[in-house]
Amino acid sequence: MHNPGTATPERFPAQDRFADGAQYIAGRSAKGTSGRTHAVVDPATGEEVYTYDLAGADDVDAAVAAAREAFPAWAAATPGERSDALHRFAAVLAERAEDFARAESLQCGKPLKLTREFDVPGTIDNTSFFAGAARQLQGQSAGEYSGDHTSYVRREPIGVVGSIAPWNYPLQMAAWKVLPAIAAGNTIVLKPAELTPLTSLLFAQAATDAGIPDGVVNIVTGTGKEAGEHLVGHPDVAMTSFTGSTAVGKRVAEIATGTVKRIHLELGGKAPFVVFDDADLEAAAHGAVAGSLINTGQDCTAATRAYVQRPLYEAFVERTAALMESVRLGDPFAPGTDLGPLISHVQRDRVAGFVERARSYARVVTGGEAPQGELENGAYYRPTLIADAAQDTEIVQSEIFGPVLVVLPFDSDDEGIRLANDTPYGLAASAWSRDVYRANRATREIKAGCVWVNDHIPIISEMPHGGYKASGFGKDMSAYSFEEYTQIKHVMFDNTAVAAKDWHRTVFGDR
């Protein structure tokens, strides 16, 4: 089934690319076989823009079979050959940048200026990075580590990778999953979120058009319960990579254990934003607004808990509230829009529930409501600042995934760092101080996979991204991600042709 929905060609210029269905297997688009359909909804308007047939178990089996068939030849390609293919891939993505930006804005509600300046350029840069990094997949040079033997280490691809990506950054998450996997010589089956499959499908089509062989990149768009769990448990899938909530990550790990496959988990976050009393207040307030509202707060690295040393606390609350009130909500495709809607009305109501419950124990300084008028049909929610909550309350401890920042005071540096670490999560954090020693202490003692200093949220292809504690394990991006998608083999040569005989004599004596 294909229903192009109500989106105009200007908002959705690539819609003809989805006419054959929302599955992409062995280099071709196809319809799902589950017998059920799903609609992609523009969260800014509530209108359906594309209806498609969901993938079922049979589609997952077909995609895994295609990836398994493509694996031997792709794994045998030289690093230079894979690098050349990825460079072509980056070029195709650059040619289609506007199509990607508009499709991502349409399905996610992101402001077009964000997808044009952040999501799409970041994806192209990531592709270019892995095109170069593909040539650097080195083991260790040969060495005489054991007398008459020579040893070396081979770094080899794992096989078929089954990946599951979330709805908050569909294009970038497709890139983070696909690129290190295929650069290392693996093949992949990616299941995007059923809410946001469009740019993942465009990404796979671009890979084919760039000359990456059929079956190396496959997409199955179905529910997590049916397509996702079948993919994770599939016996021909050698590794699972998942980005999403900690609760679902635990379920993924449970299923993967049944086939003893490698897993890579990037899970939830509740990032602390620690402002010491010598910080630049204006910079910190601007950083808090940008860091908490990026992607309408639907970012697991977003600043969600601001801990401000007491001498700056009230001034920080006042300035941050004023900046939040100046943020312009609107149509994602309008040039003046700063903040778009949440992904759905369900998510908006979930965020609103957190805020309403917090009113009984904290102060809602600004926001805390959905806008009325011309935006009321969309899943919009005003930027919200909450102050004076206790550390053990829901609004401080739980992942909200919306445009909500909670501010709490602290007194000593020891207390600020202790509070920052006082959640199950450990994905990202930031520390704000003019004192290099104070900032350096914070980077050492805050338990998170990334700690920014006097900034919050920037990421680059060359540096790793991944969490501590309940935020998961393993790294996306950077050369470190190859550790996830390769396996190490030790090779040892007997250089004398008699070492085995000597070993036999040592163990069993002369015979």
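Trainee: Where does the second largest pocket lie?

Mentor: This is a predicted model. In it, the second largest pocket lies between domain 1 (23-267 + 471-490) and domain 2 (272-453), because both domains give residues to its lining.

Trainee: What volume does the second largest pocket have?

Mentor: The volume of the second largest pocket is about 420 Å³. Its lining consists of 19 residues, and those closest to its centre are Val289, Ala290, Leu293, Ile294 and Asp338.

Trainee: Which elements each supply at least two residues of that lining?

Mentor: Helix α4 (112-133) and helix α9 (281-293) each supply at least two residues to the lining of the second largest pocket. By class, that lining has 11 nonpolar, 4 polar and 4 charged residues.

Trainee: How many residues line the largest pocket, and which lie nearest its centre?

Mentor: There are 49 residues lining the largest pocket, with Pro166, Trp167, Thr243, Gly244 and Ser245 nearest its centre. The lining divides into 26 nonpolar, 14 polar and 9 charged residues.

Trainee: Which element gives the most to the lining of the largest pocket?

Mentor: Helix α8 gives the most, with 6 residues. At least two residues each come from α5, α7 (224-233), β11 (239-243), α8 (246-257) and α11 (345-358).

Trainee: You mentioned α5. How do the axes of α2 and α5 cross?

Mentor: The axes of helix α2 (residues 79-95) and helix α5 (residues 170-183) cross at roughly 155° and come within 10 Å. That angle makes α2 roughly antiparallel to α5, because angles over 145 degrees count as such.

Trainee: Which residues make the contact?

Mentor: From α2, the contact is made by Arg82, Leu86 and Phe89, and from α5 by Leu179, Ile182 and Ala183. The residues of this contact divide into 5 nonpolar, no polar and 1 charged.

Trainee: Back to the domains. How far apart are the C-alpha centres of domain 1 and domain 2?

Mentor: The C-alpha centres of the two domains lie 31 Å apart. Their contact takes 25 residues from domain 1 and 28 residues from domain 2.

Trainee: Changing topic, how many cavities of 30 Å³ or more are there?

Mentor: The count comes to 4 cavities of 30 Å³ or more. About 50 Å³ of space lies in the largest cavity. It is lined by 15 residues, and the closest to its centre are Pro272, Ala420, Tyr425, Gly426 and Lys447.

Trainee: Which elements give two or more residues to the lining of the largest cavity?

Mentor: Those elements are strands β13 (271-275) and β18 (425-426). The residues of the lining of the largest cavity divide into 8 nonpolar, 3 polar and 4 charged.

Trainee: One last item, His490. Where is its place?

Mentor: His490 is in strand β23 (residues 486-494). Not counting residues up to four places away in sequence, His490 touches Ser151 and Tyr152.

Trainee: How many residues apart in sequence are His490 and Tyr152?

Mentor: His490 and Tyr152 are 338 residues apart in sequence, while their C-alpha atoms are 6.1 Å apart in space.

Notes:
Residues are numbered from 1 along each chain as its sequence is written. This is a predicted model: local features need pLDDT of at least 70, side-chain atom pairs count only at pLDDT 80 or more; totals for chains, interfaces and linings use all residues. Side-chain values use heavy atoms; hydrogens and water are left out. Axes are lines fitted to C-alpha atoms, for helices over the stretch in contact, and angles run from 0 to 180 degrees between N-to-C directions. Helices (H or I, at least four residues) and strands (E, at least two) are DSSP runs, numbered from the N terminus. Angles under 35 degrees count as roughly parallel, over 145 as roughly antiparallel, 65 to 115 as roughly perpendicular and the rest as oblique. Contact means heavy atoms within 4.5 Å. Ala, Val, Leu, Ile, Met, Phe, Trp, Tyr, Cys and Pro count as nonpolar, Asp, Glu, Lys and Arg as charged, and the others, Gly among them, as polar. On a 1 Å grid over the protein atoms alone, a cavity is a set of points where a 1.4 Å probe fits but cannot get out, and a pocket is an open set with protein on both sides within 12 Å along at least five of seven lines; lining residues have an atom within 4 Å of a point. Grid points are joined across faces, edges and corners, and a volume is the space filled by probe spheres set on the points. Domain bounds come from an automatic or database domain assignment.
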